[in-house]
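Biologist: Could you put the model up and talk me through some of its packing?

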Amino acid sequence: MSGITKTLDSHPMSKDEMRTAYVNALIRAAREDDKVVSVNCDLSSSTGTVPFANEFPGRSFNVGIAEANGCGVAAGLSAVGFIPFYHSFAVFSSRRICDQVFQSCAYAGLNVKIMGCDAGVSATYNGGTHMSFEDVGVLRSIPEITIVEPSDTVMMGALVPLIKEIYGVVYMRSPRKQIPDVYPAGASFALGKAALLREGADVALIASGMTVVNALAAADMLAADGIGARVVDMFTIKPIDRACVVECAECTGAIVTAENHNIIGGLGSAVAEVLAEERPTPMSRVGIRDSFGEVGTQDYLMEKFGLTPEEIYRKAKEVIKRKKA
């Protein structure tokens, strides 16, 4: 059974798409602050930002299929006091504009928010060329950048005003269509602080984005075996909540990370770095294992690349054995 469909009983699909939740939050932010502007690269419909342009035509800039230039435009807008939100597919918001993010935005000390939609396998029929398995790894090494990945529409709506309020370069990655609900309406979050979704003493499942709901499903499967799994939503990938990672290691002695991203350079790498420096602990990583993407449905791709509850469950059982050994 597929990774997404399996969770529908306890975590139904959201009513809204992620891009709808995003643009609604951006419009609310723009109504409160006339410095909020939008920069698009001929993908306004795909990224869901048409309603913003309709309400704020003088604060919406479509630069065409010129992503690097668009990032430069966003940097220029920031330099004169605006708060630009730059939008494109995640591949174009990371690989294609990496030097502009570094030079024009981060190194220049500017205030640019970069949105990358269709992250990871959520690119589905756009295929391998548009499937960003490496965007976090590409951008995470840039100094002072903040990287976030909301796990549902409630979190998306809550994070937009938070990243608008902090100064600096922020990269947000997400699917653009529907994903399962995780949080109740009105839930609140703090940037840089992980969300603890479930207590458990035998293993910690640290997930981000669309794998969070699968970590919860895996915890249910482990519970049926008498294994208590702590589930953590590490939605801020940089700066990572180091205290939470260390606490997970101390309380469980075994960790599995799960991400819709290459295991190299993403959440799994970030957690491993913390553990290596502060609390060496048996761990395993669930994610894309150094592969290119391909065309397919989201369910097929999650099975293909091992992002399912079953794979998280299997890795958890393995890491618990290593802990006991």
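Modeller: What follows covers a helix pair and then a sheet.
This is a predicted model, where local features need pLDDT of at least 70, side-chain atom pairs count only at pLDDT 80 or more, and totals for chains, interfaces and linings use all residues. Residues are numbered from 1 along each chain as its sequence is written, and side-chain values use heavy atoms, with hydrogens and water left out.

Biologist: At what angle do H1 and H7 cross?

Modeller: The axes of H1 (residues 18–32) and H7 (residues 153–165) cross at roughly 25° and come within 8 Å, axes being lines fitted to C-alpha atoms, for helices over the stretch in contact, with angles from 0 to 180 degrees between N-to-C directions. That makes H1 roughly parallel to H7, a label for angles under 35 degrees. Helices (H or I, at least four residues) and strands (E, at least two) are DSSP runs, numbered from the N terminus.

Biologist: Which residues meet there?

Modeller: From H1, Met18, Ala21, Tyr22, Ala25, Leu26 and Arg28 meet Thr153, Met156, Gly157 and Val160 of H7, contact meaning heavy atoms within 4.5 Å.

Biologist: Switching to the sheet, what is the strand order?

Modeller: The order is E7-E9-E8-E11-E12, five strands in an open sheet with mixed pairing, where two strands pair if DSSP finds at least two bridges between them. E7 (195–198) and E12 (283–288) each have a single partner strand, so one side of each lacks a neighbour in the sheet.

Biologist: And how does E7 run against E9?

Modeller: E7 and E9 (residues 229–233) run antiparallel, joined by three bridges, and arginine 198 sits opposite valine 231 in E9.

Note on methods:
Parallel < 35°, antiparallel > 145°, perpendicular 65-115°, else oblique.
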